[in-house]
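Please work through the exercises below with the sequence and the coordinates open beside you, trying each task before reading its solution.

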Amino acid sequence: MSPALPDGEPVPPDGSLPAWVAPGGSGSVAGVPRPTAPRGFGVYLHVPFCSVRCGYCDFNTYTASELGGGASQASYASTALLEVDLAARVLRDAGLPERPVSTVFVGGGTPTLLPAGDLARLLHGVRDAWGLAPDAEVTTEANPDSVTPESLAELAAAGFTRVSFGMQSAVPHVLATLERTHDPRRIPDVVRWARDAGLQVSLDLIYGTPGESLDDWRASLEAALATGVDHVSAYALVVEAGTKMAAQVRRGEVALPSEDDQATKYELADELLTAAGLTWYEVSNWARTDDDRCRHNLAYWRGDDWWGIGPGAHSYVAAAGALGAEPTSVTDDTGASVQEPRVGVRWWNVKHPRRYAALLEAGTSPAAGRELLTRDEGRLEQAMLGVRLHEGLDLAVLSPAGRRAVAGLVANGLLDGRAAVAGRGVLTLRGRLLADTVVREITDE
């Protein structure tokens, strides 16, 4: 069961954005500079199909038996392209500057359950709507058992530049617990096929699966590195409420690892990946060079704009002055109307593919709700995301209370002291293990 959508205010049926997002929008805050260049713009394409549902997964995905009538893998590309057309119109009508797409990321689900030709159609639709930057990064996720040399070559010919394989583990019993269906012996083959096609390759790993030993985790890391891959993502398993694995834990059928076990496995990952020449650039991501980093995810963490296409997908567009703030009329606790700065709008689509398709076919936005971020909320998000990056966070964005907390975090070995003196909050290795604690400290008012 995927998580519930957040609460929010209604979105206009045509999907239109608030007038204040555009340059020259009403009510600019005095003294706040507007950016001199357009913000980066990315597109996320969600493909909500999987051949089986893994017990730990709470993403908005569906197997064929769960979908029912009115939602079809065969027609999905055509449906998603209706939202691409809607998005292009909404951004144009909002008066935002035209800008080519800098990154495209096709996620899921298992995007490569769609024919390569359908993924190519989606990319061509994005290109037709906005154009692609000359150095655009175009990624698709894939399961190792959902590609062939021919399909990867077709994706590369269509303009894809990168593939991210869900390896998760090299150990059969760990994969079985996760209910992953691929043969781990296939990983070197798919990496080679992708490279032969001219694609950059990333491998995604999960640590902390019930029953996974430290030696199991070491074997998975070593197997990933043996492929010569230039990017690795390593995520701690989080068992979300409502998933099959959460029920297994509740019934005592599987036992979750301790926090110490998770920390030891993270430290081992950092040790082995660093020794192999990969450097962390975000808490859970390592790359061989700057060019091997995932620029699409960096755009999220740095607060660029993006449009999420597909059921359950989220989108974000900042006001032209962000974090410069456009004031909008709101009601305070006394019922009085006041002007509160807004810095961006985030919205999210309905979750079920059948409802998503029906709305688009009726010419209506598939958005389920939205929120208008205040300046304080924008700064909070900037702090939460920016501190996770190797480059760190500009401490000037913090509130006075947040800046006062920095000294204690340095003293406790969670933030780098020299970087803090230079005005940046950079996590130490210990800080990466306790990143949530750091975020709480620097954002606590």
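The exercises that follow concern a predicted model, and each task is followed by a worked solution.

**Exercise 1. Overall make-up**

Task: State how many helices and strands there are in the protein, and what share of its residues is buried.

Solution: Begin with the secondary structure, which comprises 16 helices and 15 strands.

**Exercise 2. The nonpolar cores**

Task: Find which residues of the largest nonpolar core touch the most other members, and which helix gives the most to this core.

Solution: The largest nonpolar core has 93 residues, of which L17, W130, F165 and W307 touch the most other members. Helix α2, spanning residues 73–93, gives the most to this core, with 10 residues. Apart from this core lies another, of 9 residues, which include Y44, Y281, A287 and L298. Returning to F165, and leaving aside residues up to four places away in sequence, one finds that its contacts include A142, P144, L152, V191 and D204.

**Exercise 3. A helix pair**

Task: Determine how helices α12 and α16 are oriented relative to each other.

Solution: Helix α12 (residues 375–386) and helix α16 (residues 435–443) pack at an angle of about 150°, with their axes 9 Å apart. Angles over 145 degrees count as roughly antiparallel, and α12 and α16 are therefore roughly antiparallel to each other. Their crossing is right-handed. At the contact itself, L380, A383 and M384 in α12 meet V439, I442 and T443 in α16.

Conventions
Residues are numbered from 1 along each chain as its sequence is written. This is a predicted model: local features need pLDDT of at least 70, side-chain atom pairs count only at pLDDT 80 or more; totals for chains, interfaces and linings use all residues. Side-chain values use heavy atoms; hydrogens and water are left out. A nonpolar core is a set of buried Ala, Val, Leu, Ile, Met, Phe, Trp, Tyr and Cys residues joined through side-chain atoms within 4.5 Å. Buried means under 20% relative accessible area, exposed over 50%, partly exposed in between (1.4 Å probe, protein chains only). Helices (H or I, at least four residues) and strands (E, at least two) are DSSP runs, numbered from the N terminus. Contact means heavy atoms within 4.5 Å. Axes are lines fitted to C-alpha atoms, for helices over the stretch in contact, and angles run from 0 to 180 degrees between N-to-C directions. Angles under 35 degrees count as roughly parallel, over 145 as roughly antiparallel, 65 to 115 as roughly perpendicular and the rest as oblique. A crossing is left-handed if the near helix is turned anticlockwise from the far one by less than a right angle, and right-handed if clockwise.
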